[in-house]
Every structure is written in C-alpha cells, then in structure tokens.
Amino acid sequence: MKEMAYLAALTVVSALTLVGCGLSAASSTSPRPSDITIKPVTDASGRAEPDRPIHCTATHAHLTKVSVTRSNGSVVSGSLDPSAGTWTPSQPLSLDARYTIVATAADTSGKSVSKRLDIETISPADTATAQSITPATGSDVGNAQPVVVVFTKAVTDEAAAQKALSVTDTDHVTGAWRWVTNRRVDYRPRTYWPLGDKITVKGDLEGVNAGGSLWATGDYTHTFTVDSDVHAVVNPKTRTMAVYRASKLSRTLPISTGGTGYQTWGGNLVVLDKEAKTQMTSCSVGLSCTPGSPTYYNLPVYWDVHLTWSGTYIHDASWDNATIGRVDNSHGCVHLNASDGKWFFNTVEPGDLVRVINPSKPVTLDNGDGDWNLSWSQWSTPNATR
C-alpha cells in the first residue's frame, strides 16, 4: 500500500513538473510583440518635407513593404531600403497635399503587422515656379536652339533645381546644363542638334527645395523638333551677310550695321523669334523718348528677326536703301533692303544661328541666347552651378 501511495504521489509530482516545464517553455518561446514607427522629416509646423525620405522602423520584425497614396487613392512611386529603414519617393511629393502611408512588416513567426499614418506636406510661404521654358512645346526650331528655363525667383540651391530637370532626344546627343543667372539655367548640346531630332524637356519641380525657405512648384513636359539648319554670318567690315543652309551658301546679302557709338553686338546669336511687323521705338531701347531728337524714332518695321533682348534685329530698312551695303548708320540692328529682308525672314527660324563678326563688342550670355559663345569645355564645367 505504501509503495502504491508513493507511486501515485510520484506520478502527481511528475505531472506537475511536466506542466510547470511546459508553461515555462511556452513563455520563453512566444514571439515578442512587434510594432512599426513611421516618421517623416517635418518642418517646425509638423508637416512633412516633400523631398525627404520617410523613416519606418520595425521593432521585433523586418519591413516588407511601404506604400504611399495620394488623397485621390493613386499610388506614389518610390523605393524601400529595409536596411536603412527608409522609403524614398521617386520624385518629391506635392506641396500642401495629403498622403496616407502604410508600412508592413513580418515578425519572427511570419505574422504580418501594419501601421498607417496620414500626413500633410508643408505649405511654404515662399515658392518659385518656371516662369518660362523655351522653346514652347510643339515648336519647330533651328539646330542651335538651347533649352532655356527661367524661374520666377532666384534659386540658391541650383544643383537641386537642376537635378529635377531632364532633357532626352531621339538622336541621343551629348549635352549639359549651365546656370546663366541665378534665375536662368540653359541646356545645349555639345554640337548643334541633328536635323530631325526630337527633344523632350521634363521638369519635375514640384516639392523641390530650391534653397532655404524657397520651394519649387509645378511639373512640366515640353517637346520640340529640329527642322532648320540655317546659319548666317554678318560681317560689318564687308557689309555683307552670308546665309548658309546645311553648310552650303545660299545667298550673300548687302547689309548695314551699327554706326558710331551703336556697334552691333558681336558673337554667336540665336534667333529668338520673328515678326512680320513690329512697331519699333527709340525709347524702348534706351534712346531718346522725345520726338524731334536726333535719336528718336517710332515707326513700323517689317520682316523682323529678333536676336537680343537689348533690341538687336535683322530687318527691312527700306527707308535707308541708298546706304545699305555702303554706310553703317543703324542703332545696332542689321539693315536689309525690302526684298532681302522678306527672303531672310522666310528662310530663317527661331533657333537658327547668326554669327556677327565684331570681337570688340561681345554679346553676354543672357542678352538673348549667347550659349554658343562658350566652348564645350567652358560650357560643361561646372555642370551644376555657376
């Protein structure tokens, strides 16, 4: 009987011991609770900065996915770096916009856990946009045409703004950006664009920090086609302008250029635009605004090919036919007779090159499109900032 009682007691103790060990083992092997923390980089107001990575940290788990959607439900493209715990948008988020972030992780047992966070991006007081992108989308242009982007305000982080701009073309030519002023950045190919080349300019500027408290806005896509390869050479000494198409001489025209004190700008000038008729006034180019003054004029002028922002044109000067090819008496423009003026107007396109041989008065880069006055090594270095 004692032996049976001892065995019974041993069985109970063993059972209790087994139960006790089982509880202990279960406690030591159960997964630790997992969690996810989502932290965007924010400004003083607590709103997310649109051009910075979103930090996602998983506790006792590893990140498997981060998705970001706009308020309309569309998905934002981006990339997850699980080792760094960051999700980076392919391009900056929009300013003053709402987004939903969902981060997903898997714990050691394979169980999935998710965390959601709704955010708003910053609403900056100081913004800049592309005031103009030249050439206009859909344009047909000459093969010397640069891409010109002008911002509404001065950009201090030029590298960041430039990174948001891209140029691609069907002929895959080599080209580079250069900042001409702190508001203007140009892109030109190493040599002239090939005839027939199709160029696409993209500006993914929305949400790009342009320096300090200035943020860029707007996304743009411009396309243009190269359909002209006319180049003209203006020689004030011989008072002639040679016009070439595909490097072959088409015509040599008699001209007159700027008289004493009004020399025509020299260098490589790109045709900015052209108008069949322009009302030209002396007052608009810094000359006299007083009728009767020797330098005053206010008259309609025909077949106008525009070269510089300071007011240089190639145009018909029928009133001066007797002196064309003989005397230089313009205020800086290139004068042609009526028939030659009309022919040149119909031959040349915006983006074509006009070289004026006058080294004593070189045109500046920003007085029109003076990009071709720099060699390729000068133009492409530095490639990001001035």
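Ala, Val, Leu, Ile, Met, Phe, Trp, Tyr, Cys and Pro count here as nonpolar, Asp, Glu, Lys and Arg as charged, and the others, Gly among them, as polar. The model is predicted: local features need pLDDT of at least 70, side-chain atom pairs count only at pLDDT 80 or more, and totals for chains, interfaces and linings use all residues. Residues are numbered from 1 along each chain as its sequence is written, and side-chain values use heavy atoms, with hydrogens and water left out.

**Pockets**

A pocket is an open set of points on a 1 Å grid over the protein atoms alone, where a 1.4 Å probe fits, with protein on both sides within 12 Å along at least five of seven lines; lining residues have an atom within 4 Å of a point. Grid points are joined across faces, edges and corners, and a volume is the space filled by probe spheres set on the points.

| Pocket | Volume | Lining classes |
|---|---|---|
| Largest | about 540 Å³ | eleven nonpolar, 15 polar, two charged |

The largest pocket has 28 lining residues; Val285, Tyr297, Gly311, His331 and Cys333 lie nearest its centre. Strands S23 (273-281), S24 (298-306) and S25 (313-316) each supply at least two lining residues. Helices (H or I, at least four residues) and strands (E, at least two) are DSSP runs, numbered from the N terminus. S23 gives the largest share of this lining, four residues.

**An open sheet**

Four strands form an open antiparallel sheet in the order S9-S11-S14-S13. S9 (130-134) and S13 (175-179) stand at the edges with a single partner strand each, so one side of each has no neighbour in the sheet. Two strands pair if DSSP finds at least two bridges between them. S13 and S14 (residues 184-189) pair in the antiparallel sense over five bridges. Ala176 has Arg188 of S14 as its bridge partner.

**Val76**

Val76 sits in the loop between strand S3 (61-70) and strand S4 (78-81). Val76 is buried, at 9% relative accessible area. Buried means under 20%, exposed over 50%, partly exposed in between (1.4 Å probe, protein chains only). Beyond its neighbours within four places in sequence, Val76 is in contact with Val68, Arg70, Trp87, Leu93 and Tyr99; contact means heavy atoms within 4.5 Å. Val76 and Trp87 are eleven residues apart in sequence and 11 Å apart in space, C-alpha to C-alpha.
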